[in-house]
Amino acid sequence: MATRNLSLTPRNEDTREKQSIEPVIQFELIQIKEHFEDSMQSIEQQFAIAEKMKEEGCLSDCKNIWRSQIVFLEGVLDFYLHELSKYAMNRMFSGEWSKSEKYKNFQISMEKLEECIKNPESVTWFVEYVNQKFSREVFLSYESMKDQLNLMGLSAEEIFSSAFPKQFDSNYRSGKQIVRELFHRRNQIAHQLDRRHTNAEQNDISKEYVERCMVEIRTLVNTIHNAAENKE
C-alpha cells in the first residue's frame, strides 16, 4: 500500500480566488423615483388577477392576492428608502448636501478606512460600504424609518406632518400611526399568513384597504422625494 505523504508544505499566499463583486450603480433621483413607480404599477396590475379570482368564486385566493400586495407594497417602500439612503449618503460625502449630525457619527470599519487611505481619489469604496451596510437593514418600522430620514438630513417630523397633516375628525391617523399599522399588518401577513395568534383565524382584508395603503405609501414617498429634490 502506498504511503501517504503527511509532511507539511509551505502554503501559497494570496492564491484564494477572490469573489467577484458586482459594481454598485449610483442612480439619480429621477431614476430612483422611476424604480418606485414601476414597482407600484406592477403591484396595481395584480388587482385584475384578484378580481378574476373573485368572479370565479375563489374568494380566499382573491384575498390572499390582496394580502400579498400589502407585503409587496412594504417591500417597494423599503427598497425606495434604501436607494435614497445611498444617494443621500453619497451626496453628503461629496459635499453636495449639507451633512446631518447622524452622518457625522456614521461608523466605518477599519478595513474600509485603510482602503480609503490607499485610494483617496476614489469614492467607490464608500458607495460599496454603504450599500453593503444598508442592504442588511429594514427601514419599515416607524423608529427605523425616522432615524434613516434624519440620517439623510431630511426632517422626519416635517415629512410625516406634511404627508399626513392633522385633521380634526375621527378618521384622522397620524404618519406615525399609519407607518406602524402598515408595518404590523405586513409582519402578520408575511410571518403568520395574517392569522391571529389567539384563534388562528385570518384577519379579513378588502380591496379598499389595499387601495388605501397604496395611496398612503405614494403620499409618503412623494413627500420624501420632494424633500430630497429641495436639497439639490
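## Close-up views of a predicted helical model

**View 1. Gln26, in the segment that comes before helix H1.** Gln26 is partly exposed, with a relative accessible area of 43%, and its place in the chain is the segment before H1. The model shown here and in the views below is a predicted one. When neighbours within four places in sequence are left aside, Gln26 is in contact with Asn90 and Val127. Gln26 and Thr124 stand 98 residues apart in sequence, while their C-alpha atoms are 10.0 Å apart in space.

**View 2. The packing of helix H1 on helix H3.** The axes of H1 and H3 come within 10 Å of each other and cross at roughly 175 degrees. Because angles over 145 degrees count as roughly antiparallel, this crossing makes H1 roughly antiparallel to H3. On the H1 side the contact is formed by Leu29, Ile32, His35, Phe36, Ser39, Met40 and Ile43, and these meet Gln69, Phe72, Leu73, Val76, Tyr80, Glu83, Leu84 and Tyr87 in H3. Sorted by class, the residues of this contact are 11 nonpolar, 3 polar and 1 charged.

View 3. The buried residues of H2 are Gln46, Phe47 and Ala50. They cover an arc of only 105 degrees around the axis, and therefore lie on the same side of H2. An α-helix has 3.6 residues a turn, so residues three or four places apart point the same way. On the other side of H2, Ala48, Lys52 and Glu55 are exposed. The buried residues of H2 pack against H1, H3 and H10. After H2 comes Gly57, which has a positive phi, near 85 degrees.

**View 4. The largest nonpolar core and one of its residues, Ile224.** This core has 56 residues, of which Ile70, Leu73, Met89, Leu149, Leu220 and Ile224 touch the most other members. Two or more residues each are given to this core by helix H1 (29-44), helix H2 (46-55), helix H3 (59-93), helix H6 (124-135), H7, H8, H9 and H10. The element that gives the most is H3, with 14 residues. In soluble globular proteins, nonpolar side chains tend to be buried together. For Ile224, not counting residues up to four places away in sequence, the residues touched are Tyr80, Leu81, Leu84, Leu149, Leu154 and Ile159.

**View 5. Helix H8, with a buried side and an exposed side.** In H8, which spans residues 156-163, Ala156, Ile159, Phe160 and Ala163 are buried. These residues are on the same side of H8 because they cover an arc of only 95 degrees around the axis. Glu157 and Glu158, on the other side of H8, are exposed. The buried residues of H8 pack against helix H7 (142-151), helix H9 (175-192) and helix H10 (207-230).

**View 6. The contact of helix H7 with helix H8.** The axes of H7 and H8 are 8 Å apart, and the two helices pack at an angle of about 115 degrees. From H7 the contact takes in Tyr142, Met145, Lys146, Leu149 and Asn150, and from H8 it takes in Ala156, Ile159 and Phe160. By class, these residues divide into 6 nonpolar, 1 polar and 1 charged.

**View 7. Ile217, a residue of helix H10.** Ile217 has its place in H10, and with 2% relative accessibility it counts as buried. Not counting residues up to four places away in sequence, Ile217 touches Phe36, Leu73, Glu74, Leu77 and Leu182. One of these, Leu182, is 35 residues from Ile217 along the chain, and the C-alpha atoms of the two are separated by 9.4 Å.

View 8. Leu193 lies in the loop between H9 and H10, and its phi is positive, about 50 degrees, although Leu193 is not a glycine. At 43% relative accessibility, Leu193 counts as partly exposed. Ala200 is likewise found in the loop between H9 and H10, and Ala200, although not a glycine, has a positive phi of about 65 degrees. With a relative accessibility of 43%, Ala200 counts as partly exposed.

Conventions
Residues are numbered from 1 along each chain as its sequence is written. This is a predicted model: local features need pLDDT of at least 70, side-chain atom pairs count only at pLDDT 80 or more; totals for chains, interfaces and linings use all residues. Side-chain values use heavy atoms; hydrogens and water are left out. Buried means under 20% relative accessible area, exposed over 50%, partly exposed in between (1.4 Å probe, protein chains only). Helices (H or I, at least four residues) and strands (E, at least two) are DSSP runs, numbered from the N terminus. The arc is that of the directions from the helix axis to the C-beta atoms. Contact means heavy atoms within 4.5 Å. A nonpolar core is a set of buried Ala, Val, Leu, Ile, Met, Phe, Trp, Tyr and Cys residues joined through side-chain atoms within 4.5 Å. Axes are lines fitted to C-alpha atoms, for helices over the stretch in contact, and angles run from 0 to 180 degrees between N-to-C directions. Angles under 35 degrees count as roughly parallel, over 145 as roughly antiparallel, 65 to 115 as roughly perpendicular and the rest as oblique. Ala, Val, Leu, Ile, Met, Phe, Trp, Tyr, Cys and Pro count as nonpolar, Asp, Glu, Lys and Arg as charged, and the others, Gly among them, as polar.
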